[in-house]
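Please read it alongside the sequence and the structure shown below.

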Amino acid sequence: MAEPTRTDVLIVGAGPVGLFAVFQLGLFDMRCHLVDILDRPGGQCAELYPEKPIYDIPGYPMISAQGLVDRLMEQIAPFTPGFTFNRMVTALERLEDGGFRVTTDENEVFEARVVVIAAGGGSFQPKRPPIPGIEAYEGGSVFYSVRRMEAFRGEKVLIVGGGDSALDWTLNLQPVAESVTLVHRRPEFRAAPDSVNKMYALQEMKQLEFLVGQVTGLHGGDGKLTAATVKGPDGEVEVPCTRLLPFFGLTMKLGPVADWGLNLHENLIPVDTEKFETSEPGIFAIGDINWYPGKLKLILSGFHEAALMAQAAKRIVSPGERIVFQYTTSSTSLQKKLGVA
Amino acid sequence: MTKLTFVAFDGTRFEVDAENGSTVMENAIRNAVPGIEAECGGACACATCHVYVDEAWTGVVGEPEAMEEDMLDFAYEVRPNSRLSCQIKVRDELDGLVVSVPERQG
């Protein structure tokens, strides 16, 4: 097993609430490490609506979602948090000393005194397209990402989608695969125009095939795909294929959080409203993922929850230490931590 | 007030009074129309408020803009009369509008 990374607080999720928790915990000298399934901080703000305006952040009549994330990153920079991106936390177990061991899907291990679940609507995972029977081929012939291009060498690859992932992999796998067919429901693409032009050029040279339509059925057996039915404007065609790569964007799923032995309430984690602690002492849940009477899924509610959680977390990380309530405006000790005094 | 009718996948009809300026999606959520999820809350970022506009109304409702058309790529069983209901603003001309909810959201 890999040498664990030790930290005071392990935060699951680097959305706005997870980021602000770093600030509140940092004021109490707790070191934080964040793990997120996306490749950058910001959670839904970064993934779903970076350019959209938010109107209910106190002090900002209007701020874009990405703008808010950028400001939060700036605000927590003095506390130099650790980040691990592109990873899903898969396992959470309590250690004998009362702390926690957290493991990711790539087997990185973290040990922390406190775990804060700030996972929002859950982890972003690739959307499964509504093709009947697709589950049976997953892992063998159907993949939602390309980890190793070699796995596609000599295969008949069918790629579905119209964004950058679909176009990039169409172009990247074309020289490797026996054949590549791209299917999209319309001739316009969301992908970079340059990739689209390259794809059409390869189609012109008969190096790949592009079909307008939707995949409606899969054929094969024993988890091995042999063909797919594509329904287009001129009817149905059967396309021979041994690999299917659907790129239908991301959706949010609670994921492994459900297996950590916490009480759940309609896929949310119930917490108390004094400490925002879960049914397991030392594990807190803040932001959209928690539930309590009167809960509102607002970023500002998550910020409040982070502040109260930090007080309780401090008692666990530094037992017996007196917690002094201070204002950043007037406390020189807090200002030193922020690097402004 | 503008009257809207939602037809759920099982055929149940929901007739609601909608305020002009609100979105068709908001009215579905307020009236708990089954099958409209609106995961992203109306930011045109998720394609889970997909509806089919009744054929008689497609001309009045109009075509999706480019961003919505892009997002429709993620919806389930997209048809020529598909729209994301968060992108349809209620106005006087839509009085009587009928939209149907698909079998599932993407």
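The domain assignment, whose bounds come from an automatic or database source, divides chain A into domain 1 (5-125 + 251-337) and domain 2 (128-248). The C-alpha centres of domain 1 of chain A and domain 2 of chain A are 38 Å apart. This is a predicted model, in which local features need pLDDT of at least 70 and side-chain atom pairs count only at pLDDT 80 or more, while totals for chains, interfaces and linings use all residues. Residues are numbered from 1 along each chain as its sequence is written, and chains are lettered from A and ligands numbered from 1 in the order in which they are written.

**Nonpolar core**

- The largest nonpolar core has 114 residues; such a core is a set of buried Ala, Val, Leu, Ile, Met, Phe, Trp, Tyr and Cys residues joined through C-beta atoms within 7 Å.
- A residue is buried if 20 or more other C-beta atoms lie within 10 Å of its own, exposed if 12 or fewer, and partly exposed in between, with C-beta atoms placed from the backbone.
- Helix H1 (residues 16-27) of chain A gives the largest share of this core, eight residues.
- Because domain 1 (5-125 + 251-337) and domain 2 (128-248) of chain A both give residues to this core, it lies between them.
- The residues with the most contacts inside this core include A:Val9, A:Val115, A:Val116 and A:Ile117.

- Helices (H or I, at least four residues) and strands (E, at least two) are DSSP runs, numbered from the N terminus, and two strands pair if DSSP finds at least two bridges between them.
- Strand E8 (residues 109-117) of chain A is mostly covered, with seven of its nine residues buried.
- Strand E1 (residues 5-12) of chain A runs parallel to E8(A) and is joined to it by seven bridges; A:Val9 has A:Val114 as its bridge partner in E8(A).
- Strand E7 (residues 100-104) of chain A pairs with E8(A) in the antiparallel sense over four bridges, and A:Thr103 stands opposite A:Val109.
- Four residues lie between the strands in the hairpin of E7(A) and E8(A), where A:Asn107 takes a positive phi near 65 degrees.
- Three bridges join E8(A) to the parallel strand E19 (residues 283-285) of chain A, and A:Ile117 stands opposite A:Ala285 in E19(A).
- Contacts of A:Ile117 beyond four places in sequence include A:Val12, A:Val257, A:Ile269 and A:Ile289; residues are in contact if their C-beta atoms, placed from the backbone, lie within 7 Å.

**Three-stranded sheet**

- An open sheet of three strands in chain A has the order E13-E14-E15, with antiparallel pairing.
- Strand E13 (214-221) and strand E15 (235-240) of chain A are its edge strands, each pairing on one side only.
- Seven bridges join E13(A) to the antiparallel strand E14 (residues 224-232) of chain A; A:Gly221 has A:Lys224 as its bridge partner in E14(A).

**Annotated positions**

- The unreviewed UniProt entry carries the annotation "binding site" for A:Asp36, A:Gln44, A:Tyr49, A:Val89, A:Phe124, A:Asp288 and A:Thr329; UniProt positions are given in the numbering used here, feature names are shortened, and annotations may be inferred rather than shown by experiment.
- A:Asp36 is in the loop between strand E2 (32-35) and helix H2 (43-47) of chain A, and counts as buried because it has 28 C-beta neighbours inside 10 Å.
- A:Gln44 lies in helix H2 of chain A and also counts as buried, with 24 C-beta neighbours inside 10 Å.

Key: Contact = placed C-beta atoms within 7 Å.
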